[in-house]
Amino acid sequence: MQKHQVVMTGALMPPALERVQAVCEVKLWDQGGVIPREVLFDWLRDAVGLVVTGKVRVDDELLSHGPNLKVIAQSAVGYDNIDIPACIRHGIPFGNTPGVLVDATADLTFTLLLSAARRVHEGWNFVREGHWSLGKDLPYGTDIRGKTLGIVGMGRIGAAVAARARAFGMKIIYYNRTPRSDEAAIGATYQSFDSLLAQADCIIVLTPLSAATKGLFGREQFARMKPTAYFVNASRGPVVDTAALVEALTTRKIAYAALDVTDPEPLPADHPLLKLPNILVTPHIGSATTETRTAMSQLTADNLLAGLAGKPLKACVNGEVNYK
Ligand SMILES: NC(=O)c1ccc[n+]([C@@H]2O[C@H](COP(=O)([O-])OP(=O)(O)OC[C@H]3O[C@@H](n4cnc5c(N)ncnc54)[C@H](O)[C@@H]3O)[C@@H](O)[C@H]2O)c1
Ligand SMILES: O=C(O)[C@H](O)CO
């Protein structure tokens, strides 16, 4: 039986990769970094399937180099790098990985808040430098019990963060594109964006990146927050204006930031954010556990194989596409 020609811009986890390789001839970019665009264009010429991992921009230009593409599957829930209208124009279904990464990402997001509030990483650095007693170099942290948490983007991951925050005794308010009909079950109260900014002791951002959310947090928004506010971003870097965040942290418009995502990514070693004392940064590891990355890879393989068979994808973003 002739195998399907598939391009992968990075490896899926072994069990999923093996499933795909059993029925597909896979051209895999395994040299680290982002696959150069010219290489990708060349590889796409005969491909019927494309698996995207990492920062690959899928647009009209790319799709025009893959005239035989029947499906694109990305191992991530966020798809701000994919031009969905272009996929529809080219008649290509696009699949992502919602749901399976909710708990891992919510765990990491809440860990960022706790680590920042309790100065965990600073404590560790302090001990490694040979210190022990608290002094001016290791200020007290802050309690989160009884504090107001504002979640911006109350979707799947936002609701899972709310469940964790409830267990820690926080009061939860949220701002979303539309209020949720199940907010009583989530234990959160809808607020306007400005009201949330003014009331929250801690703010967690979990919206997708879109035209509406790019730069949602800028100078004006940081100025509206409490000077004691903790700010956590686990969505996408460009939802925050980085220069405005640096200024807000430097001038203590807000107290502290913890970021799993930044703009740019990766942050250059000499970036101003990394020089600040009141920040914690992790390298976009929200979903990075073995179990979750395996589940994401399996769902990506499911989407790919369904698309190659001309069947509806398990998780399809552009469900209205006419299957080739
Ligand atoms: N740090 C990581 O590793 C990591 C992991 C997974 C997801 N993410 C990011 O988290 C995002 C959310 O994932 P999810 O599965 O919870 O998605 P989701 O679609 O379930 O939730 C997103 C929520 O944001 C809301 N929203 C959209 N636009 C908005 C706007 N303009 N203003 C206010 N709210 C808005 C939506 O109504 C929805 O409730 C992803 O798109 C991705 O960018 C990051
Ligand atoms: O969107 C996602 O799934 C995460 O950011 C992993 O890339």
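How many bridges join strand E3 to strand E4? In this predicted model, local features need pLDDT of at least 70 and side-chain atom pairs count only at pLDDT 80 or more, while totals for chains, interfaces and linings use all residues. Residues are numbered from 1 along each chain as its sequence is written, and side-chain values use heavy atoms, with hydrogens and water left out.

The count is four, between E3 (residues 49-52) and E4 (residues 71-74), which run parallel. Among the partners, Val-52 bridges to Gln-74 in E4. Helices (H or I, at least four residues) and strands (E, at least two) are DSSP runs, numbered from the N terminus, and two strands pair if DSSP finds at least two bridges between them. The pair belongs to an open, parallel sheet of five strands, ordered E2-E1-E3-E4-E5. At its edges sit E2 (24-28) and E5 (94-95), each pairing on one side only.

Helix H1 (residues 14-23) packs on this sheet, touching E1 (4-8) and E2; contact here means heavy atoms within 4.5 Å. The direction of H1 makes about 125° with that of E2, whereas helix H12 (residues 290-308) lies across E1, E2, E3, E4 and E5 and runs at about 175° to E4. Axes are lines fitted to C-alpha atoms, for helices over the stretch in contact, and angles run from 0 to 180 degrees between N-to-C directions.

Then there's ligand 2, surrounded by Ala-76, Val-77, Gly-78, Leu-101, Arg-236, His-284 and Ser-287 (a heavy atom within 4 Å). Its oxygen atoms find a polar backbone atom of Val-77 at 2.7 Å, and polar side-chain atoms of Arg-236 at 2.7 Å and of His-284 at 2.6 Å.

Methods:
Chains are lettered from A and ligands numbered from 1 in the order in which they are written. A polar contact is a pair of N or O atoms within 3.5 Å; within protein, one must be able to donate a hydrogen and the other to accept it, and residues adjacent in sequence count only if both atoms are side-chain atoms.
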